[in-house]
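Dear colleague,

I am passing on the structure that we discussed, and would be grateful if you could look through it alongside the notes below.

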Amino acid sequence: MSTSNSAEDIAKTFGMEAVPESVKRLTQMIAGRGASIEEFGKFIAQDKELTARLLKFANPRAVDQFDYNITTVDGALQRTGMSIALLLAMGDPLVRGVLKTFKTMLDINLELMPVSSPFQEAHILGEVSFSGKANGKVQLRLTKASVPVIGERLLGMAPEDLADPAMAADVIGELCNMVAGNFKSNLCDAGLNCVLQPPKITITDDFKLQSVDGGNSERHPFRSPELPLFVDLGVNPWAGE
Amino acid sequence: MPHKILSVDDSLTIRMLVKRSFKNFDCVVIEACNGEEGLAAITKDRPDLIFLDITMPVMDGVTMLTKLKENPDLKTIPVIMLTAESGRENVAYIAKLGVRDYLVKPFKDDQLIEKAGRVLKLEPKPAAV
């Protein structure tokens, strides 16, 4: 890991959680970027969950795993490229950050879904970009109906208090900041130092997963009884090279 | 005298959360939305405790903290970082500048009160006469 023991010790004195295993794995993958596909593949193959996601990504038209044309990690890496494996490995820290933010701040238990129905109407898009050794963006997509739910749970606000677009944008922006800030910290711990831009909150009816220059993107759908949520991650892990 | 707590954060939402957390205690929460405003508020109000974010426009929290620690009259005011930044090397760097504690967002009101309670003797707000 790029993190020194003393830095980890200091974090412990403040009562901070240990660096998650998925971030340690990501660190090793980033450190191994110069390796051959075979060596990189051997490392990924040790992780069943990541292997399953990579194979699914490499077989986009398959209905299930029995329908896969590509069945090995090496084959999947040759089809998708190593940056896809890095993107998928970043998914776990991102999902953890989303679940923790919504549980801690809103007492909402989100569940990660394999697929989910797209939003059919204009919705809220909160975006935080990051740049440095990795470039990309984290985007949260929420329905307009979610805003009063979030305002009430976070600050005990009445719906009319959130009629001011600036207040609504501040509330959603802070949630985006927490999710993106935690994710950015994980990237830094994994050796991809980068800085965040302030959140941008817009209304859009464009539901397409957005691309990132030189990178790839993945969508994470979440559901809870209170609200639906989509979190998109686009990243170019080679930006600093 | 009520304790003075300064919340320096560009997010109104966070400043409101800090204010709400201490509403039942004998505290006054002062607000600033960037490091420059924070330093001005410190000079004017001399708070007993500062909650400080890192990523802010105009002046970020690390710059504000550095300037605060350079001022012999103000450097003893305790600072608790309240930020989503938890990258270990950054935490270590900030710790060396001299902070009393560090709370990573997302957070609960209880955590904020518990961290403040290690620095200040928090008393319930006196009943209105």
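Predicted model: local features only at pLDDT ≥ 70, side-chain atom pairs only at ≥ 80, totals over all residues.

Residues are numbered from 1 along each chain as its sequence is written, while chains are lettered from A and ligands numbered from 1 in the order in which they are written.

I begin with the core. A nonpolar core is here a set of buried Ala, Val, Leu, Ile, Met, Phe, Trp, Tyr and Cys residues joined through C-beta atoms within 7 Å, and the largest one has 98 residues, of which L54(A), A85(A), I172(A), V179(A), V231(A), L52(B) and M81(B) touch the most other members. Helix α6 of chain A, residues 82-106, gives the most to this core, with 13 residues (helices are DSSP runs of H or I of at least four residues, numbered from the N terminus). Leaving aside neighbours within four places in sequence, L54(A) is in contact with I44(A), V73(A), A76(A), A85(A) and L88(A), where contact requires C-beta atoms, placed from the backbone, within 7 Å.

A89(A) also lies in helix α6 of chain A, and is buried because 24 other C-beta atoms lie within 10 Å (20 or more count as buried, 12 or fewer as exposed, and those in between as partly exposed). Not counting residues up to four places away in sequence, A89(A) touches R25(A), L26(A), M29(A) and L50(A); the C-alpha atoms of A89(A) and L50(A), which are 39 residues apart along the chain, are separated by 6.8 Å.

Turning to the contact between the chains, 27 residues come from chain A and 25 residues from chain B. On the side of chain A that touches chain B, α8(A) gives the most, with eleven residues, and the residues of that side divide into 13 nonpolar, nine polar and five charged (Ala, Val, Leu, Ile, Met, Phe, Trp, Tyr, Cys and Pro count as nonpolar, Asp, Glu, Lys and Arg as charged, and the others, Gly among them, as polar).

Finally, within chain B, V18(B), R20(B) and S21(B) in α1(B) meet D109(B), L112(B) and I113(B) in α5(B), and the residues of this contact divide into three nonpolar, one polar and two charged.

With best wishes

How values were computed
Helix = DSSP H or I, 4+ residues; strand = E, 2+ residues; numbered from the N terminus. Contact = placed C-beta atoms within 7 Å.
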